[in-house]
Amino acid sequence: MSIPTAMPACLYIVATPIGNLSDMTPHAIDVLKQVAIIACEDTRTSGKLLSHFGIHTKDNSSEADAPKAHNKLWAYHEHNSAIQTPKIIEMIQQGHSVALISDAGTPLVSDPGYQLVQAAHAAGVRVSPVVGASAAIGALSVAGLPSDRFSFIGFLPAKTHGRQKQLTALTTRTETLIFYEAPHRILASLADMAAIFGADREVAFCRELTKTFETVHKSTLGNLIEFVKADDNQQRGEIVLVVAGDHTAQDADDISVHDALLQRLLEDLSVKKAAALAADITGVKKNALYQRLLELQAK
């Protein structure tokens, strides 16, 4: 797929692979070859990726009026974003397309870029996503937890007090929660989650997704701590935790939204079997559904 030459200058938000280079899309390669500037977190890391796909970073812009003899690869990170953002916006306003990439995955997902996209919208600059790999969505897809509603939390605070405070604020959230965590903090974070959410809260531990030593382990927080402790390899690499939401506090009024389903299940199943099946379907605790089924049966 080629970018039409008549397409107006644009800020492209381009996803790159999180591990397996085969996940780089032809669209992404095409865009990165044709833009005048590629803004990235680390020019060394991105330089290797671009070289692999034959994307040259010096003097090869295909835009006829792009500046000559320039370095196509620009560093863009949290420490220089205030300086680089207006420069990039000015470049686009002059008619040159720019692509933003991160070291791996989809930009702005726990990565720099918010300032740039915000500035682009404020300046009336077109912004277009070039979709691809995302560790958060990849982990959610294999977690085996409800995915109809979820919140991406990202990295928890590094210090214990801040981490525990944030987890406490999330205790009663009922949607699935997605966290990123650093390897050297994984055990401390899991211990805090188990203490605050409860050791029996379901969790999917996703490590090094799409890479050679990928791990996808479904467990409870209490059991996951032992799993990670028992294998030092599980304390290395990129880690995503997908944690079930809280349903222990759901009252009868909340559960009543599932009454139609429960009544249909009661037509063919015992209360016990209906509760178990409904729990799998809805993500609501089986005991709470069992009590609601008894109430419906008594009506």
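Mentor: Start with a cysteine. The sulfur of Cys10 lies 18 Å from the closest cysteine sulfur, which belongs to Cys40, and that is too far for a bond. Keep in mind that this is a predicted model.
Trainee: What is a disulfide, again?
Mentor: A disulfide is a covalent bond between the sulfur atoms of two cysteines.
Trainee: And how many disulfides does the structure hold?
Mentor: The structure holds 0 disulfides. The cut-off is 2.5 Å between the sulfur atoms.
Trainee: Is Cys10 buried or exposed?
Mentor: Cys10 is buried, at a relative accessible area of 0%. Cys206 is buried too, and its value is 0%.

Trainee: New topic. How many salt bridges are there?
Mentor: The count comes to 11 salt bridges. One of them joins Glu175 and Arg173.
Trainee: How far apart are the closest N and O atoms there, in Glu175 and Arg173?
Mentor: They are 2.7 Å apart.
Trainee: Which of those two residues is buried?
Mentor: Glu175 is buried, with 9% relative accessible area. Arg173 counts as partly exposed, at 31%.
Trainee: Give me another bridge.
Mentor: Take Arg185 and Glu181. Their closest N and O atoms are 3.2 Å apart. Both Arg185 and Glu181 are buried.
Trainee: And what about Arg201?
Mentor: Arg201 forms a salt bridge with Asp246, with 4.0 Å between the closest N and O atoms.
Trainee: Where do Arg201 and Asp246 lie?
Mentor: In two loops. Arg201 is in the loop between α7 (186–197) and β8 (202–207). Asp246 is in the loop between β10 (239–243) and α9 (252–255). These parts are 45 residues apart in sequence, so the pair ties them together.
Trainee: Are Arg201 and Asp246 buried or exposed?
Mentor: Arg201 is buried, at 6% relative accessible area. Asp246 counts as buried as well, at 8%.

Trainee: Rings, then. How many aromatic pairs are there?
Mentor: The count is 3 aromatic pairs. Among them, Phe155 and Tyr180 form an edge-to-face pair. Their centres are 5.7 Å apart, with 70° between the planes.
Trainee: Why does that pair, Phe155 and Tyr180, tie together parts of the chain?
Mentor: Because Phe155 lies in strand β6 (residues 150–155) and Tyr180 in strand β7 (residues 176–181), parts that are 25 residues apart in sequence.
Trainee: How accessible are they?
Mentor: Phe205 is buried, with a value of 0%. Phe227 counts as partly exposed, at 25% relative accessibility.
Trainee: Last one. Which residues do ring pairs link into a cluster?
Mentor: Phe152, Phe155 and Tyr180.

Technical notes
Residues numbered from 1 in each chain as written. Predicted model: local features only at pLDDT ≥ 70, side-chain atom pairs only at ≥ 80, totals over all residues. Heavy atoms only, no water. Salt bridge = Lys/Arg side-chain N within 4 Å of Asp/Glu carboxyl O. Buried < 20%, exposed > 50% of the residue type's maximum accessible area, 1.4 Å probe, protein only. Helix = DSSP H or I, 4+ residues; strand = E, 2+ residues; numbered from the N terminus. Phe/Tyr/Trp six-rings, centres within 6.5 Å; stacked < 30°, edge-to-face > 60°.
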